[in-house]
Amino acid sequence: MVLLSLPAYLRHRIGNVYLAGVVPGPSKPSLDQINKLLTHLVDDLESLWLTGAIFKTPSCPGGLHVRCALIPLVCDMPAAHEVAGFSSYNSSHFCRICLLTLSDIDNIDVNSWPLRSFDNHIVEALKWRDAADEAERAEIVDTHGLRYSVLLRLSYWNAVLFTVIDSMHALLLGLLETHCRTLWGMSDKSEDFDGVRQPHRAENDPTNSHLSPEHQSVLEAMASLESRVKTSTSPEDKARKVLQKINLESLKDLCRKASVSFDGTKRHLWESLKKWQGLTGPARKAVLGKSTLTTIWSDQKTITTPSWLGRAPKFAGSTSHGKLKADEWRNLCSISLVYSLTKLWSNSEERYQQMLENFMHLITMINMSHLRIIDHETIELYRSSTLAYLAGVKTLFREQTLVPNHHAALHLPDLLKRFGPVHAWRTFAFERYNGIMQSLNHNSRIGVCLL
Ligand SMILES: [Zn+2]
């Protein structure tokens, strides 16, 4: 935890950070365990709010009465839902601020969204806590999209208002990655095209005519599985959801037909099939295909950026590059892509011009949301850019449904008004602390103090 009363330059110094606890791995805690893990912290916080504590300092030798409160809960989307007591972000009630259902996720008319009421939230959460059996609890989760969180014991804490949307995960790792990888298919192994997808049926695709019926049936089965996953926050998340829809034996059967190894876990088998699909399936096409990426990489050599700004990653989009960090996505999109795509597309065919305009709305909303000083004007510019961007995505990429991060982006203006610039309530610093702890050599002696 960090103390928001401290100035920004002091609050993230390691000596000013309160490490309340570390959850032992290797797997993440269950929903029930999360409440147990937080119980002692909530006890302390409630006492510090109701009675406070006396601290003696050089300037106050008689003691200073201090009270404290936990206000914003800053997590990535899955953790925020688990810790604050909301149903999963991929359940029907996927949003922790409103009760729009997943089937209506393409609705971007914010005024039509039914907002959650905290008064109702606490009533139903207590019913969940006191329920007689699991069936009764499941009914509450299905109907209201919530369950009990021990944080609700804090007399002042409002789960709906205080569980913030983290701009680093939702916008930088979420929207920028979704735009480049999902909508534009960024890959140096793909041929370039304008992003207008034709309905694909493997048996009608001339590029598959050389395949045996057995191999074609595997491609069809994989396409069918993937089409049943409506929303996902990342390729890993999509693979996880796909694997929930097929059992190990059926997966092995597909591997046998494709003549790939069928030893290992479901995840291993799916990865083998995806590799086979990449080599065997129809030639893939992408808006950011190898020709466009080659131009972007070449342009990067000519761009000089201020020394305080990290460089955009070299060869982003190549298969050898791997995952990009949040800052790398931001630099790549807001510098390299803006420069190269404006050069390539601004005088090109109408569809490319429309895609460029749509991308610039995305960059405007990213820039407005990360300003260190904001006012009503910048928040309104963020809101209008987000609406224009999402409307453009729906028009230009008709076969794609919006994902929870798109929806969350439209809630961000209210949070900007409530909490101010995002640097005070985003996860960048906390991810750094995670990195520090992960780099410590603990020799498997969990629980021994190392900091
Ligand atoms: Zn919502």
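Predicted model: local features only at pLDDT ≥ 70, side-chain atom pairs only at ≥ 80, totals over all residues.
Reader: OK. Which domains is the chain divided into?

Author: Domain 1 (8–164), domain 2 (168–189 + 287–424) and domain 3 (201–281). Those bounds come from an automatic or database domain assignment.

Reader: How far apart are the centres of domain 2 and domain 3?

Author: Their C-alpha centres lie 30 Å apart.

Reader: Which residues does UniProt list for the SAP domain?

Author: The unreviewed UniProt entry gives 243–277 for "domain: SAP". UniProt positions are in the numbering used here, feature names are shortened, and annotations may be inferred rather than shown by experiment. In the model that span is 71% helix and 0% strand, with its end C-alpha atoms 16 Å apart. Helices (H or I, at least four residues) and strands (E, at least two) are DSSP runs, numbered from the N terminus.

Reader: Let's do helices. How long is H15?

Author: H15 covers residues 376–396, so to speak 21 residues, and reaches 30 Å from its first C-alpha to its last. That is close to the 30 Å expected at 1.5 Å a residue, where the expected span is 1.5 Å times one less than the number of residues.

Reader: Which of its residues are buried?

Author: Tyr-382, Ser-385, Thr-386, Tyr-389, Leu-390 and Val-393. They sit on the same side of H15 because they cover an arc of only 130° around the axis; the arc is that of the directions from the helix axis to the C-beta atoms. Buried here means 20 or more other C-beta atoms within 10 Å of the residue's own, exposed means 12 or fewer, and partly exposed is in between, with C-beta atoms placed from the backbone.

Reader: And which residues are exposed on the other side?

Author: His-376, Glu-377, Glu-380 and Thr-395.

Reader: What does the buried side of H15 pack against?

Author: The buried residues of H15 pack against helix H7 (167–183), helix H14 (350–369) and helix H16 (404–419). Contact means that the C-beta atoms of two residues, placed from the backbone, lie within 7 Å.

Reader: Switching to cores. How many residues are in the largest nonpolar core?

Author: The largest one has 68 residues, and Leu-172, Trp-184, Leu-288, Trp-329, Leu-332, Met-365 and Ala-409 have the most contacts inside it. The largest share of this core, 9 residues, comes from H7. Domain 1 and domain 2 each supply at least three residues to this core. A nonpolar core is a set of buried Ala, Val, Leu, Ile, Met, Phe, Trp, Tyr and Cys residues joined through C-beta atoms within 7 Å.

Reader: What does Leu-288 touch?

Author: Not counting residues up to four places away in sequence, Leu-288 touches Cys-180, Trp-184, Gly-185, Met-186, Leu-293 and Gly-317. There's also a second, separate core of 12 residues, which includes Leu-219, Val-242, Cys-255 and Ala-258.

Reader: Where is Trp-157, and why does it count as buried?

Author: Trp-157 is in the loop between helix H5 (134–144) and helix H6 (159–162). It counts as buried because it has 22 C-beta neighbours inside 10 Å. Trp-157 and Ile-71 are 86 residues apart in sequence, with their C-alpha atoms 6.8 Å apart in space. Beyond four places in sequence, Trp-157 touches Leu-70, Leu-151, Leu-152 and Phe-162.

Reader: Last one: what's the phi of Phe-315?

Author: Phi of Phe-315 is near 55°, a positive value in a residue other than glycine. Phe-315 is in the loop between H12 and H13, and is partly exposed, with 14 other C-beta atoms within 10 Å.

Methods. Residues numbered from 1 in each chain as written.
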